Amino acid sequence: MDITDIVLTDFVEVDADERLAKVRAKFDERDTRGVIVTDDGEYAGVIGESELVKSRIQDDTKASVLMTSAPRVDNHEDIREVARLLVEGDVRIAPVFRGDVLDGIITTDAILSAVLGNLDALVVDQIYTESVIDITAKSTVGQAINRLREHGISRLPVVDEAGSLTGVITTHDIVDFVVRDHERQHKGDRSGDRDRMLDLPVENLMSDPVVTATPDESVEAVVERMFDNEISGLVVSGDDGGVAGVGTKTDVMRALTFTEEETMDVQITNVDLLETISREEIVESITTVVDKYQEMNVMHAHVRFHEHKEKLRGTPLIQSQIRLRTSHGQLAGSGEGY
C-alpha cells in the first residue's frame, strides 16, 4: 500500500523568517501538530509542537531557528517505509513531493487511520514501552520539561509516593499552557510570567483522570481510544494499579515496520549526529552482539542519539539509547561519550 490516497493537501506553511509568535498563533488557530517551513518558496524543514518546549526562545525569533529537518517523501512511497522514515526522523509530519513539487504532507495520524483495521492482530503487550520515566505531582514544570527533553519522550506518568498513577503531563499540555500564557501577556496580564511557570508544580498542568490501556488489549482498540481522546499516547496500567509502561502512536508506527523475515529490524534516530560512523556500521555492530545470544531472538532494535550542550575541545557529548524487542521481553540501555 502506498500513501497516494492519504496525502493531506490542507497544511500550515510558514516562511523561515516568520516570527515565532506567529508560528505559535498558527498552532493554536489550526490545532495542528506541525507546520512546513519554506525558504524563498523552497522546502526547508518542519516545526513540531514538542520543539516549542525544548527551550525558552523569544517570540521575535525566526522560525528557521526552531525548525528541524524531516525526510522528503515521494507521493507513491510505501506506507511502511514512510512509517520508518517518520520514526527514525523523530517527526510526526513530513512533506510529500510529486517530483519536485510540494504536493502535501503526511502525518502519523493519517498513516494510523489508514491501517487501523489491520491492527487488531496486535496487542498492546507487543508494542508498548516498559522502561518508564515518571515524575511526582509536586515536581516542577521546569523539571518535567528537562526530563522530557533529556529522554526524548512526549509524556510523563505522574505518580504518588507509592508509585500509583495519579495523572500524566505531556508536551502538548505544556505547549497549550505556554500559548495561553502568551495571549495573557499580550492583554497586559503579567500573572502568567514564564519564570513562574517553570516553578509551578506538575499537578497544576497534568491531566487527570488518565486515559489508560491494559497489556492484553488490541492495538486497534487502543489507537481508536487515542483518536477519540485526541491524544498521542496513553499509560499502560499494571495489575497493582501502578504504571506498567507507556504506549504511543510512535510505538504503533514502529510496529508497522516490523518484518516477518529472519533478519533483525533496526531503526536509528539522529544518526546524522555522528560524523565518523554510518548507519550500516551501527547495524553491523548490533548484529554482531545479537549473534552471540542465539537463545534470545531479537526482532527489533531502536537506537537513538541525543546531543548534549557539553563539549570537549569543540566535540559535543553524545548520548546513545538502545532498546531491543526480543523473544525474552524488552531490554534497554544507554551510554554517552565524545
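# Packing and local geometry

Student: Is Leu 274 buried or exposed?
Tutor: The relative accessible area of Leu 274 is 19%. Buried means under 20%, exposed over 50%, and partly exposed in between, using a 1.4 Å probe and protein chains only. Leu 274 is therefore buried.

Student: What kind of model is this?
Tutor: Residues are numbered from 1 along each chain as its sequence is written, and side-chain values use heavy atoms, leaving out hydrogens and water. Local features need pLDDT of at least 70, side-chain atom pairs count only at pLDDT 80 or more, and totals for chains, interfaces and linings use all residues, as the model is predicted.

Student: Which residues does Leu 274 touch, not counting residues up to four places away in sequence?
Tutor: Leu 274 lies in the loop between strand 13 (265-269) and helix 10 (279-290). Contact means heavy atoms within 4.5 Å. With residues up to four places away in sequence set aside, Leu 274 touches Ile 282, Phe 305 and Ile 318.

Student: What distance separates the C-alpha atoms of Leu 274 and Glu 307?
Tutor: Along the chain, Leu 274 and Glu 307 are 33 residues apart. Their C-alpha atoms are separated by 9.7 Å.

Student: How many helices and strands does the protein chain have?
Tutor: Helices (H or I, at least four residues) and strands (E, at least two) are DSSP runs, numbered from the N terminus. The secondary structure comes to ten helices and 16 strands.

Student: What percentage of the contacts in the protein chain with a separation of 6 or more is between residues 24 or more positions apart?
Tutor: The protein chain has 338 residues, and 43% of them are buried. Among contacts with a separation of 6 or more, the share from residues 24 or more positions apart is 57%.

Student: Why are helix 4 and helix 9 oblique to each other?
Tutor: Axes are lines fitted to C-alpha atoms, for helices over the stretch in contact, and angles run from 0 to 180 degrees between N-to-C directions. Angles under 35 degrees count as roughly parallel, over 145 as roughly antiparallel, 65 to 115 as roughly perpendicular, and the rest as oblique. The axes of helix 4 (residues 108-115) and helix 9 (residues 249-256) are 11 Å apart. Helix 4 and helix 9 are oblique because their angle is about 60°.

Student: Which residues of helix 9 make the contact with helix 4?
Tutor: Helix 4 contributes Thr 108, Asp 109, Ile 111, Leu 112 and Val 115. By class, the contact has six nonpolar, one polar and two charged residues (nonpolar: Ala, Val, Leu, Ile, Met, Phe, Trp, Tyr, Cys and Pro; charged: Asp, Glu, Lys and Arg; polar: the others, Gly among them). From helix 9 come Lys 249, Val 252, Met 253 and Leu 256.

Student: At what angle do the axes of helix 3 and helix 9 cross?
Tutor: Helix 3 spans residues 79-89, and its axis comes within 8 Å of that of helix 9. Helix 3 and helix 9 are oblique to each other. Their axes cross at roughly 135°.

Student: Which residues in helix 9 meet helix 3?
Tutor: Helix 3 brings Arg 80, Ala 83, Leu 86 and Val 87. The residues of this contact divide into five nonpolar, one polar and two charged. The partners in helix 9 are Thr 250, Met 253, Arg 254 and Leu 256.

Student: How many charged residues has the contact of helix 3 with helix 4?
Tutor: The axes of helix 3 and helix 4 come within 11 Å and cross at roughly 145°. Ile 79, Val 82, Ala 83 and Leu 86 in helix 3 meet Thr 108, Ile 111, Ala 114 and Val 115 in helix 4. By class, there are seven nonpolar, one polar and, as for charged residues, none.

Student: What is the omega of the peptide bond that joins Asp 208 and Pro 209?
Tutor: Pro 209 lies in the loop between helix 7 (194-199) and strand 10 (212-213). The bond is cis, with omega about 5°.

Student: What is the phi of Asp 40?
Tutor: Asp 40 lies in the loop between strand 2 (34-39) and strand 3 (42-48). Asp 40 is exposed, at 73% relative accessible area. Although Asp 40 is not a glycine, its phi is positive, about 55°.
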